Amino acid sequence: MRCKVCRGHAVVDIRRHNAAFCPDHFVDHVTSQVAKALKEFKMATVEDRLLIAVSGGKDSLAVWDVLMNLGYDTTAFYLDLGIGGYSARSKEAAVAFAGSRGGKLITRSLREEHGFTVPELSTLTRRVPCSGCGLNKRYEFNRAALEEGFDVLVTGHNLDDEVATLFGNVLGWNTQMLGRQRPVLQERIVGAGDSRAFVKKIKPLVRIAERETAAYALIRGIDYIVEECPMVEGNTQHRYKEALTLLEEASPGTKHRMYFGFLKNASDRFAEDRGSAELIPCTDCGAPTVASGAHGVEKLMCSFCKTKALAHARRAERTNDSVHGAEQR
Ligand code: SF4
Ligand SMILES: [Zn+2]
Ligand SMILES: [Zn+2]
């Protein structure tokens, strides 16, 4: 296998591009694909302050590395989800990478900010861990970006992530999510609201497959956390990824065709479904939330605050039950 550029020994083979690369030219290839996505979808400029949501995994550390090398003004943000040893080790990976590159890193902990971890939230609300986890991450990433004055929030979603999400949205014909599935999301409040209520979100790795971010991390000496989150079992997105990888192996380019074909030929057809509800401030935290159909104060809370209130109420009930139980004994 020879490198497409220099004819030297190739270490990475990309079947959908019908190309192979030596380590140096593979790094150039990934960097140019990220630069292409940034330009094509008008993601960010070098004047913007970028906040990168890092998990300690290969994708988020790789996107941070590429953006630093492209000269962007970057700071990373790590949210400790409190998932036992997994969170401790993923935080170590993020901190070590920041130290090795001289990168700026902000860390926050869900428990310190809100009084619960992802596993505790799951038990208290009786919902699958990934659903509460996703809600927490969306809320905290946006909050951190706005509080710290960043222009753009960057996530490490790669082509495999995006095509799996698309596949799930098509299976359920979730037209609202299909309308919103773009590599750049700039939500605006309709009416007299604050246009900075949601930070602009971008996914610069949409042109890079998951196995390529792993290869990139390896070549660049990025010491990422390899183990998977112990809560991933039963995650539907994970199953879609496995199914799509089988299709990709049989017909290279399937994932790319599905995702970029959707953006080119179908995404705008769901524009009306994106939703343009009037938003008002959450009565608890001030974050924007849907005003229409609101009845009573409880309905005016954003979904994060409603979930948080439910978790704290259930915890108080449990504490009361155990106190009463102890008194009766
Ligand atoms: S697998 Fe689920 S619980 Fe674990 S980090 Fe991902 S979304 Fe959160
Ligand atoms: Zn080469
Ligand atoms: Zn709120």
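Tutor: A residue is called buried if 20 or more other C-beta atoms lie within 10 Å of its own, exposed if 12 or fewer, and partly exposed in between, with C-beta atoms placed from the backbone. By that rule, 33% of the 329 residues in this protein are buried. The model is predicted, so local features need pLDDT of at least 70 and side-chain atom pairs count only at pLDDT 80 or more, while totals for chains, interfaces and linings use all residues. Residues are numbered from 1 along each chain as its sequence is written, and chains are lettered from A and ligands numbered from 1 in the order in which they are written.

Student: Why does His-9 count as exposed?

Tutor: His-9 has 11 C-beta neighbours inside 10 Å, and the limit for exposed is 12 or fewer, so His-9 is exposed. You will find His-9 in the segment before strand S1 (12–14).

Student: What makes Asn-18 and Arg-126 exposed?

Tutor: Use the limit again: Asn-18 has 10 such neighbours and Arg-126 has 8, so both fall within 12 or fewer. Asn-18 sits in the loop between S1 and strand S2 (19–21), and Arg-126 in the loop between helix H5 (118–125) and H6. Neither is a glycine, yet phi is positive, near 50 degrees for Asn-18 and about 60 degrees for Arg-126.

Student: How do you know how many helices and strands there are?

Tutor: They are DSSP runs, numbered from the N terminus: helices are H or I with at least four residues, strands are E with at least two. The protein has 13 helices and 10 strands.

Student: What makes S3 and S4 paired strands?

Tutor: Two strands pair if DSSP finds at least two bridges between them. S3 and S4 have six bridges, in the parallel sense, so they pass. One of the links is between Arg-49 and its partner in S4, Asp-73.

Student: Why are S5 and S7 called edge strands?

Tutor: Look at the whole sheet: it is open, has six strands with mixed pairing, and its order is S5-S4-S3-S6-S8-S7. Strand S5 (104–109) and strand S7 (184–185) each pair on one side only, and these are the edge strands.

Student: Why is S3 described as largely enclosed?

Tutor: Five of its six residues are buried, so S3 is largely enclosed by the rest of the structure. S3 (residues 49–54) also runs parallel to S6 (residues 152–154), joined by three bridges. Leu-51 has Leu-153 as its bridge partner in S6. Helix H6 packs on this sheet, touching S3, S4, S5 and S6.

Student: Which helix gives the most to the shell around ligand 1?

Tutor: Helix H6 (residues 129–147) does, with four residues. A residue is near a molecule if its C-beta atom, placed from the backbone, lies within 6 Å of it. The residues around ligand 1 include Val-118, Pro-129, Cys-130, Gly-134 and Asn-235.

Student: What makes the shell residues nonpolar, polar or charged?

Tutor: Ala, Val, Leu, Ile, Met, Phe, Trp, Tyr, Cys and Pro count as nonpolar, Asp, Glu, Lys and Arg as charged, and the others, Gly among them, as polar. The shell has seven nonpolar residues, two polar and no charged.

Student: How do you know whether the radius of gyration agrees with a compact globule?

Tutor: The radius is taken over C-alpha atoms, and the globule rule is 2.2 Å times the number of residues to the power 0.38. With 329 residues the rule gives a value near 20 Å, and the protein has 21 Å, which agrees.

Definitions and conventions
Contact = placed C-beta atoms within 7 Å. Axes fitted to C-alpha atoms, helices over the stretch in contact; angles between N-to-C directions.
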